[in-house]
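Good morning, colleagues. I would ask you to look at the sequence and the structure on the screen while I take you through the packing, the strands and a few backbone details.

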Amino acid sequence: MVIIIVTMGAWDFVAGIIVGIILACVNFVVQTSRKSAIRAMYSGEFASSTVRRHPIQQRFLKQAGQQTLILKLSGFLFFGTIVNVENTIRGLIEEEAFHKRPIRFLVLDLSRVNGLDFSAAEAFTRINRVLGKRNVQTIISGLNVQGDIARSLQNVGLFEDANEVQIFEDLNSALEFCENEYLKVFYSRKEALSRRIEESPQSLDVPKPQTQQPPLSDMLMNSPRRRYLQQIATTTLREDETAVTAPHKWSMFRQPLPLLLQTFHGVTTQNEDFWFPACAYFVREVYPAGTVLYHEGDIPQNFYLLESGMLRAEYEMPQGRYFELIVAGRPCGELPFFGETRRTATVKAEQDCVAWCLGVEKWRELREREPRIAEELLRVSLKLTTERMESITS
């Protein structure tokens, strides 16, 4: 203020105003730069998508998620705030830090970003180049592809095919993409173990290294990261060897018995002889894509076991809309059905689906004629619901 007064007195009023404006801009930049644009930073070990997966997949993904890092950015990004973001990311991939915590996916969530200038957009291209040197894939989430932020990033060439940047409209979709990439390694290892069992059924040893040249995509990946994924996949499968051996045995049975055994695997000690009588109470239904199975607030009429396809459950809550995907081999609608409460979500077929349904009348008959099975089914449904809630809130 003193400088402005002196300037106005020594020269003239207009010069003083100009100096004041310049100083105000400098002060704004300094004050804004002190506030970090990084609102939160956490790994995929603690953040997961809302896809309802099998418990064994969830155990694997919890460990594999250590290779996913999520940075949630906020505010207006410009040269004063993007520097801290860029320096933070460079620090994560320095030799020592990267050796302690190797990253495979870096998710930059822009859902709380109001805008960015040209210097910030250019910084994203530099960040992607730096990450590329470590074979870390850049993922942008929370981005409206028709919005101003997307156009700014497009103008600096960030979304060119050569950059291999993945774009998603929300964080959940980005996490689902990362999980699907990890599960490719998981099922590759599972198939290798299955082949090993067929050759030597007595043991579940890790397959010996193959002498043939690995695929180019595998060679380009950082080998310690891929070895880590293979190691935890093997460990997860070895902790539950029936996850590898059982499917071969179940394939000899008629549906819905294999589906019952797969869905309840790990949450019940009962075998196929115990569950076989329950098959007579389930009815096979086909739901074309787009079919609504039930609406929020409906009185439950069925409990569903999904044989194939995918379901989408949409929830309307005070905090906003929330959805989860239900893949084949998972149950649907168990808690309201067995608890005799109204539906809490609207569920529709995301893809063409085949499901086995237990209706209200059949459930009543099952309780009367097979009380032990009905009691075990209630116990299993509660365990499945508990596992799902732990997955959502973790």
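I begin with Leu77. Beyond its neighbours within four places in sequence, Leu77 is in contact with Ala37, Ile82, Val113, Gly115, Leu116, Asp117, Ala120 and Phe124. Please keep in mind that this is a predicted model.

Leu77 belongs to the largest nonpolar core, which has 35 residues. Leu77 is among the residues with the most contacts inside that core, together with Leu73, Leu110, Phe124 and Leu153. Two or more residues of this core come from each of the following: strand 2 (68-77), helix 4 (79-92), strand 3 (105-116), helix 6 (118-133) and helix 7 (148-155). Helix 6 gives the largest share, seven residues. There is also a second, separate core of 25 residues, and it includes Leu259, Leu261, Trp275 and Phe337. As general background, nonpolar side chains in soluble globular proteins tend to be buried together.

Let me turn to the helix pair. At what angle do the axes of helix 4 and helix 6 cross? The crossing is at roughly 5 degrees, and the axes come within 9 Å. Because angles under 35 degrees count as roughly parallel, helix 4 is roughly parallel to helix 6. From helix 4, the residues that take part are Phe79, Ile82, Val85, Glu86, Ile89 and Arg90. They meet Ser119, Ala120, Ala123, Phe124, Arg126, Ile127, Val130 and Leu131 in helix 6. By residue type, this contact divides into 10 nonpolar, one polar and three charged.

Next, strand 2. Seven of its 10 residues are buried, so strand 2 is largely enclosed by the rest of the structure. Strand 2 pairs with strand 1 (residues 38-43) in the antiparallel sense, over five bridges. In that pairing, Ser43 has Leu69 of strand 2 as its bridge partner. With strand 3, strand 2 pairs in the parallel sense, over nine bridges. Here Lys72 stands opposite Asp109 in strand 3.

Four strands take part, in the order 6-13-8-11, and the pairing is antiparallel. Which strands stand at the edges? They are strand 6 (283-287) and strand 11 (331-332). Each has a single partner strand, so one side of each is left without a neighbour in the sheet. The partner of strand 6 is strand 13 (residues 353-359), and the two pair over five antiparallel bridges. One of the residues involved is Val286, whose bridge partner in strand 13 is Val354.

I would also point out Ala313, which lies in strand 9 (residues 310-317). Is Ala313 buried or exposed? Its relative accessibility is 1%, so Ala313 counts as buried. Setting aside neighbours within four places in sequence, Ala313 is in contact with Tyr322, Phe323, Glu324, Ile326, Ala345, Thr346 and Val347.

Now to the backbone. In general, most residues other than glycine have a negative phi, and most peptide bonds are trans. A cis peptide bond joins Gln255 and Pro256, with omega about 10 degrees. Pro256 sits in the loop between helix 11 (242-250) and helix 12 (257-263). Glu164 has a positive phi, near 55 degrees. This residue is in the loop between helix 7 and strand 5 (166-167), and Glu164 counts as exposed because its relative accessibility is 56%. Glu340 likewise has a positive phi, near 55 degrees. Glu340 is placed in the loop between helix 14 (334-339) and strand 12 (346-349), and with a relative accessible area of 62%, Glu340 is exposed.

I close with the chain as a whole. How many helices and strands are there in the chain? There are 16 helices and 13 strands. Of the 394 residues, 45% count as buried. Among the contacts in the chain with a separation of 6 or more, 78% are between residues 24 or more positions apart. Thank you for your attention.

Methods. Residues numbered from 1 in each chain as written. Predicted model: local features only at pLDDT ≥ 70, side-chain atom pairs only at ≥ 80, totals over all residues. Heavy atoms only, no water. Core = buried A, V, L, I, M, F, W, Y, C linked by side-chain atoms within 4.5 Å. Buried < 20%, exposed > 50% of the residue type's maximum accessible area, 1.4 Å probe, protein only. Contact = heavy atoms within 4.5 Å. Axes fitted to C-alpha atoms, helices over the stretch in contact; angles between N-to-C directions. Parallel < 35°, antiparallel > 145°, perpendicular 65-115°, else oblique. Nonpolar A, V, L, I, M, F, W, Y, C, P; charged D, E, K, R; others polar. Pairing = 2+ DSSP bridges.
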